[in-house]
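Please look over the sequence and the model shown here before reading on. The report that follows takes up selected side chains, strand pairing and charged pairs in turn.

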Amino acid sequence: KESEREFRTMVSTIPGTVYRCKPDDRRSIEYISSEVERLTGHYPEDLINNSDMGLNDLVVENDREYVLQMIDGSIQRREPYLIECRVKHVDGSTRFVYERGQAVYDSAGSCDFLIGTIIDITDRKTMEKSLFKDQKASESAEKRIRSIVANLADALIIIDEKGVIEEFSPSAEKMFGYDEKEIIGENIKTLMPSPYKDDHDQYLSEYRKTGEARVIGRNREIMGCRKNGDTFHAELAVSETVIDKRVIYIGLIKDITARKQAEEELAKAKKLAEEANKAKSSFLANMSHELRTPMNAIIGYSEMLAEDAEDDGLDEMIPDLNKINSAGKHLLALINDVLDISKIEAGRTELHLEEFNVPEMINEVISTAQPLFDKNNNKIEIHLDNNVGEIYADLTKVKQVLFNLLSNAAKFTHE
C-alpha cells in the first residue's frame, strides 16, 4: 500500500495522462491516471479493465488506423512511438494530444504491454491554426495573425528543416537585438552561444533520420545569444507542423534572466541566513559557561544567606531568600533550554551520563516548580512506586524535561 501510494503521488506530478495498456487493437487499459478525466471526461475506474472500451476507443475514429500503424511499426523497430492525434471528450468536443510511449517485452521477446503519456496540445494546435491559415485567406485575416504575433510577450521564431529562420517576431527582435530583415535566411544557431550552436545541425539531421526528439514537444531551458554577444537564460518550447508538404518548426522563447537572477539571489540569501543562524547558535553554545556562572552564583549565595538567616534567627528573611533561590533556578532552567537548543543547532549537544536517585531528583524538581503551582492555586501530588531507585542518564536534561512538563501544567491549569 505504501509503494502504491508513493507511485500514485509520483504519477500525479507528471504532466499529462499516464497509462499502461495491452498491445491489442483496442489497447485495453490496465492502468490510467486521473488526468484522463480532464482530457476525456471519463473516470479512470470506468476505463480500467473495461472490455468494451480501450485507449483506442477514445481516439477519433479517423485517426485510429494511423495510431495503430505508428505503434505497430515502433514495436517492430523496438523504439518509442511519438504520435499526434485527436481524442473525444464525453461533451462532444475534440482534443488534440501528443502521445509518447513504448512497448515492454517479455523474456521471449514478445510485446507484453505498452506504457506511455498523453499530453493535451489543443491550445498549441489552436495557436498554430491561427498563425498559419491558408495563404489565400483575406487580408484582414492576415493582419489579425500578424497582430497576434506582434503582441506576443514571448519571442516567436519559425525555422525550416535545415534550421533556416523564416519568421522572426517583433518580440524576438527585441529579445535578440536583430532586425527581422537581417536575420531572416540565417541559421537558427546564430542565436545560440557555443557549445550549443555546434551541436544544432547534427541534432536536426539525426532527428530527420531517426525521429528521436529531444527538444520538440518539450519545454527546456537553453542559453540564448544576443547580437552584441551577451548570453541569457531562456525557456524554449518547440512544436513541429507541416504546411504545403513542408515541415517547419515553431519556437516560443521566454527570457527567464530575471527569474534566474531571483533564484540565485534567493539561494544566496538562504545561504547567508543559514550561516548567520549557525553563527548565532555557535555563539550561544560557546557562551554557555559565561551565562550559567552568574546564575549559579546567585542560587548558591541565596542558599548560603538562607542558612545564615536561619542560624541568626532572621526567619522573616527566609521566604524572600527562598523566592530568590527558586526564581534563580527557574531562570537558569530557561537559560539551559535556550543553550541546549543552540547546541543542537550548532551540532555540539552532549550527554553527561551518570547514576542518580530518581525520587531525590523528582523532589528537587518539585521544590523548584512549587512556586509556579502556588501562583495559580494548584496542588501537586506525587505517586511514586517504592521500588523506583536509580537510573543511568543525563541528570540535568532529565530534570529539564520534567520541569518543563510541570511548568506547562502549572501555567495552563487554574485552581
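## The surroundings of D57

The side chain of D57 makes a polar contact with the side chain of R26 at 2.7 Å, a polar contact being a pair of N or O atoms within 3.5 Å in which, within protein, one must be able to donate a hydrogen and the other to accept it, while residues adjacent in sequence count only if both atoms are side-chain atoms. This is a predicted model, in which local features need pLDDT of at least 70 and side-chain atom pairs count only at pLDDT 80 or more, whereas totals for chains, interfaces and linings use all residues. Residues are numbered from 1 along each chain as its sequence is written, and side-chain values use heavy atoms, with hydrogens and water left out.

D57 is found in the loop between α3 (44-47) and α4 (61-77); helices (H or I, at least four residues) and strands (E, at least two) are DSSP runs numbered from the N terminus. With a relative accessible area of 19%, D57 is buried, a class that means under 20%, with exposed meaning over 50% and partly exposed in between (1.4 Å probe, protein chains only). Leaving aside neighbours within four places in sequence, D57 is in contact with R26, D52, R64 and K88, where contact means heavy atoms within 4.5 Å.

## The chain as a whole

The secondary structure of the protein chain comes to 14 helices and twelve strands, and buried residues make up 34% of its 415 residues. Among contacts in the chain with a separation of 6 or more, 53% are between residues 24 or more positions apart.

Strand β10 (residues 246-255) contains K254, which is partly exposed at 35% relative accessible area. The side chain of K254 makes a polar contact with that of D154 (3.4 Å), and, not counting residues up to four places away in sequence, K254 also touches M175, H233, A234 and E235.

Six bridges join β10 to strand β6 (residues 155-160), the two running antiparallel, and A155 stands opposite I253 of β10; strands pair if DSSP finds at least two bridges between them. Ten bridges join β10 to strand β9 (residues 231-243), also in antiparallel fashion, with T241 opposite I248. β9 and β10 form a hairpin with two residues between them, and D244 in the turn has a positive phi of about 50°.

## Salt bridges

The structure holds 23 salt bridges, each defined as a side-chain nitrogen of Lys or Arg within 4 Å of a carboxyl oxygen of Asp or Glu. R86 forms one with D63, the closest N and O atoms being 3.0 Å apart. This pair links distant parts of the chain, since R86 lies in strand β3 (residues 81-88) and D63 in helix α4, 23 residues apart. R86 counts as partly exposed at 26% relative accessibility, whereas D63 counts as buried at 13%.

E221 and K260 form another salt bridge, with the closest N and O atoms 2.9 Å apart; E221 is in strand β8 (residues 219-225) and K260 in helix α10 (residues 257-286), 39 residues apart. K260 is buried at 18% relative accessible area, while E221 is partly exposed at 40%. R259 and E263 meet in a salt bridge at 3.7 Å, N to O, and both lie in helix α10, four residues apart, or about one turn of the helix. E221, E235, R259, K260 and E263 are linked in a network of salt bridges.
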